[in-house]
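Here's a protein chain to look over. Take a moment with the sequence and the 3D view, then read on for a short tour.

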Amino acid sequence: MIVGFDIYSHHFSKGYQNDTIGIYAKYDVGSFRDSDISAAFGVYKNSEGRTSTHAGVAIAPNRYARLYVGIVTGYARPVVPFAIPQLILTVSPKNDIVFSFVPKTRLNSSAVIHLSLETKF
């Protein structure tokens with residue numbers, strides 16, 4: 001199991017909060033075509049000041065890259081799908097720094113680079 005801590009988000013458009021603090025968990029569920037597959041879920045304070053929950057699947061073809069796909073709540077639309085590419089930097093055998101890129105998806109949203117820390121148990 002991995003526990004992750006959402007630390008900070010940088011929004012490329014004005015009007016969004018960057019202190020998107022949260023927590024999430026990931027569980028290994030197997031592999032497919034040499035990619036590790038994990039189920040993930042979590043909760044965080046979103047950039048609009050509301051509470052969001054997310055759930056999805058993380059697909060990691062190697063230890064440096066991952067794609068997280070799923071759904072999130074807490075925004076103007078009740079449920080929003082997402083696909084977020086992630087870069088993983090290992091800092092110790094049990095700890096990783098994760099940079100996520102959230103692309104701009106609609107006219108009133110912002111592209112985001114997000115920082116999180118993960119600890120393996």
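Among the contacts in the chain with a separation of 6 or more, 36% come from residues 24 or more positions apart, where a contact means heavy atoms within 4.5 Å. Keep in mind that this is a predicted model, in which local features need pLDDT of at least 70 and side-chain atom pairs count only at pLDDT 80 or more, while totals for chains, interfaces and linings use all residues. Residues are numbered from 1 along each chain as its sequence is written, and side-chain values use heavy atoms, with hydrogens and water left out.

So what is the chain built from? It has eight strands and zero helices, and from the N terminus on the elements run β-β-β-β-β-β-β-β. Strands (E, at least two residues) and helices (H or I, at least four) are DSSP runs, numbered from the N terminus.

Now the overall dimensions. The C-alpha atoms fill a box of roughly 40 × 25 × 20 Å along the principal axes. The radius of gyration is 14 Å, which agrees with the value near 14 Å for a compact globule of 121 residues; the radius is taken over C-alpha atoms, and the globule rule is 2.2 Å times the number of residues to the power 0.38.

Of the 121 residues, 38% count as buried, meaning under 20% relative accessible area, with exposed over 50% and partly exposed in between.

| Residue | Relative accessible area |
|---|---|
| Tyr27 | 36% |
| Phe41 | 43% |
| Ile113 | 37% |

Two of these names turn up together. There are two aromatic pairs by the ring rule, which asks for ring centres of Phe, Tyr or Trp (its six-membered ring) within 6.5 Å and calls planes under 30 degrees apart stacked, over 60 edge-to-face and the rest tilted. The pair of Tyr27 and Phe41 is stacked because the ring centres are 6.1 Å apart and the planes lie at 20°. Tyr27 sits in strand β2 (residues 22–32) and Phe41 in strand β3 (residues 35–45), 14 residues apart, so this pair links distant parts of the chain.

Ile113, in strand β8 (residues 112–120), is one of the residues making a nonpolar surface patch of about 650 Å².

Note on methods
Patch = residues over 30% accessible without salt bridge, like charges linked within 9 Å, V, L, I, M, F, W, Y side chains within 5 Å. Areas by Shrake-Rupley, 256 points an atom, 1.4 Å probe, with all protein chains shown as cover. Salt bridge = Lys/Arg side-chain N within 4 Å of Asp/Glu carboxyl O. Buried < 20%, exposed > 50% of the residue type's maximum accessible area, 1.4 Å probe, protein only.
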